[in-house]
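This briefing is intended for reading alongside the sequence and the coordinates. It treats the contact between the chains, the sheets, the core and some local features in turn.

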Amino acid sequence: MSTELDDETLQRFYDGDLSPVEERVVQARIEREPAAQRRLQELERLSAWIQVSADEVGAGLDSDAMFAAIERQIAADEKANPGRGLRVVAGAWASSQRRVLWPLVAVAAAAAVAMLTLSSGPGDEAARNAPKREKTRVAAHTQEAPARPRVHGTRVERVDFGNSTGTVFEIDSEGVATAVVWIADDEEETP
Amino acid sequence: MIAGRSVFGRRRWLGATLLLGALGLAVQGVGSQARAEDAAKTASAQVTLILGHTDGTGVSPELEKIEALKKAPFDAFPRKALLKKVDLTIGIGSSQEVELPNGRKLKLSVLERNAAGGYRVSISINKPGQQDYLPVMTVVAAPGDPFFVAGQKHEGGTLIVGVSVR
């Protein structure tokens, strides 16, 4: 096929933001295209690693102790410099926490990406193909089906979607491919 | 001799018959060749307009035999109604337009006939004078096998446009 499933559509599919019909279109496309399956699995893996890392970072933080330390520091500053009028304003704690968290999250995300890169080597074929979601499982199942020779059918050679968002895929009926182009229609219908 | 005249008469009759027959076959041959040449220069196309709904049930009987419509993603529409079938004769290298119920026009061009007897066709679907939906797509199609363009909104449903060329 001449067009790849774009990242935005794949991400929206992963996030569950597509309409039911669009989802079926994209799912059918993923079932047919190993490249799209790999990209979806990478997306799932990256998301899982980031989630795990964020959980680990969150679990390692003693927020009560951190807040107490901040309060102690504020009290000490107030005692040392009574004229400065230092006060705790709304959001100060969250802001402090964010300052601490962001570098940790960045490190965790970098570690996740590094792990992802390392784990996608040739020796990890089974793990790469291991489905994590129903959508991927269907795709993997279809991928295993033996390809049947096509004696008839239709095939999209080229498509220009212009400003539209579209998906190209094939329906397989007993070895005969039927080309389908699905294009989202964003404009209101002309009366 | 009566018998001699009879034989001579039969021969003349037979010769004339054979001559007429040969002439007829020649004329028929020329006609067939002309028809074949005409057929090679044109293609018969059919555009099928279907409206799919995600609510309700029921499929127009004419659509039941189209296997592709029973599969994903078209099985997401439990209700499918045949709106119109349009038969076209299009010259190779020529185009024809079909007006869609949502105001857009489908332009179908038969670009060429390939060695396997199939066709390269292109279609575009746009509002008149605009390129608002599908600027152009090119499809290679075996004779009579359909392809589909779907997704346009219409009357609360989704338009499914099927095209086949033979």
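In which sense do strand β3 of chain A and β8(B) pair, parallel or antiparallel? In this predicted model, β3 (residues 176-183) of chain A pairs with β8(B) in the parallel sense, over three bridges. Within this pairing, A:V181 stands opposite B:V149 of β8(B).

**Contact between the chains**

- The contact involves 32 residues of chain B and 30 residues of chain A.
- On the side of chain B that touches chain A, β7 (134-141) and β8 (147-154) each contribute at least two residues.
- That side of chain B comprises 18 nonpolar, nine polar and five charged residues.
- Strand β1 (residues 154-160) of chain A pairs with β7(B) in the antiparallel sense, over six bridges.
- In β7(B), B:M137 is the residue opposite A:V159.

**The seven-stranded sheet**

- Seven strands, drawn from chains A and B, make up an open sheet with mixed pairing, in the order β2(A)-β3(A)-β8(B)-β9(B)-β1(B)-β3(B)-β2(B).
- Its edge strands are β2 (166-173) of chain A and β2 (58-59) of chain B, each of which pairs on one side only.
- Helix α2(A) packs on this sheet and touches β2 and β3 of chain A as well as β9 (157-165) of chain B.
- The direction of α2(A) makes about 65° with that of β2(A).

**Helix α2 of chain A**

- Helix α2 of chain A (residues 20-32) has 13 residues and reaches 19 Å from its first C-alpha to its last, close to the 18 Å expected at 1.5 Å a residue.
- The buried residues of α2(A) include A:V21, A:V25, A:V26, A:A28 and A:I30.
- Also buried in α2(A) are A:E22, A:Q27, A:R29 and A:E31.

**The five-stranded sheet**

- A further open sheet has five strands with antiparallel pairing, in the order β1(A)-β7(B)-β6(B)-β5(B)-β4(B).
- At its edges stand β1 of chain A and β4 (95-99) of chain B; each has a single partner strand, so one side of each is left without a neighbour in the sheet.
- Neighbouring strands of this sheet are turned against each other by 20° on average, direction ignored.
- Strands β5 (residues 105-113) and β6 (residues 119-126) of chain B run antiparallel and are joined by eight bridges.
- B:R113 has B:Y119 of β6(B) as its bridge partner.

**Nonpolar core**

- The largest nonpolar core contains 54 residues, and A:V181, B:V149 and B:V161 are those with the most contacts inside it.
- Leaving aside residues up to four places away in sequence, A:V181 touches A:V156, A:V159, A:G166 and A:V168, together with B:M137 and B:V149 of chain B.
- In soluble globular proteins, nonpolar side chains tend to be buried together.

**Local features**

- A:D186 belongs to the segment after β3 of chain A.
- Because 11 other C-beta atoms lie within 10 Å of A:D186, this residue counts as exposed.
- A:D186 and A:T165 are 21 residues apart in sequence, with a C-alpha to C-alpha distance of 9.1 Å.
- The peptide bond joining B:A72 and B:P73 is cis, with omega about 5°.
- B:P73 is located in the loop between β2 and β3 (79-91) of chain B.
- B:E155, in the loop between β8 and β9 of chain B, has a positive phi of about 45° although it is not a glycine.
- B:E155 is partly exposed because 13 other C-beta atoms lie within 10 Å.

Technical notes
Residues are numbered from 1 along each chain as its sequence is written. Chains are lettered from A and ligands numbered from 1 in the order in which they are written. This is a predicted model: local features need pLDDT of at least 70, side-chain atom pairs count only at pLDDT 80 or more; totals for chains, interfaces and linings use all residues. Helices (H or I, at least four residues) and strands (E, at least two) are DSSP runs, numbered from the N terminus. The expected span of a helix is 1.5 Å times one less than its number of residues. A residue is buried if 20 or more other C-beta atoms lie within 10 Å of its own, exposed if 12 or fewer, and partly exposed in between; C-beta atoms are placed from the backbone. Two residues are in contact if their C-beta atoms, placed from the backbone, lie within 7 Å. Ala, Val, Leu, Ile, Met, Phe, Trp, Tyr, Cys and Pro count as nonpolar, Asp, Glu, Lys and Arg as charged, and the others, Gly among them, as polar. Two strands pair if DSSP finds at least two bridges between them. Axes are lines fitted to C-alpha atoms, for helices over the stretch in contact, and angles run from 0 to 180 degrees between N-to-C directions. A nonpolar core is a set of buried Ala, Val, Leu, Ile, Met, Phe, Trp, Tyr and Cys residues joined through C-beta atoms within 7 Å.
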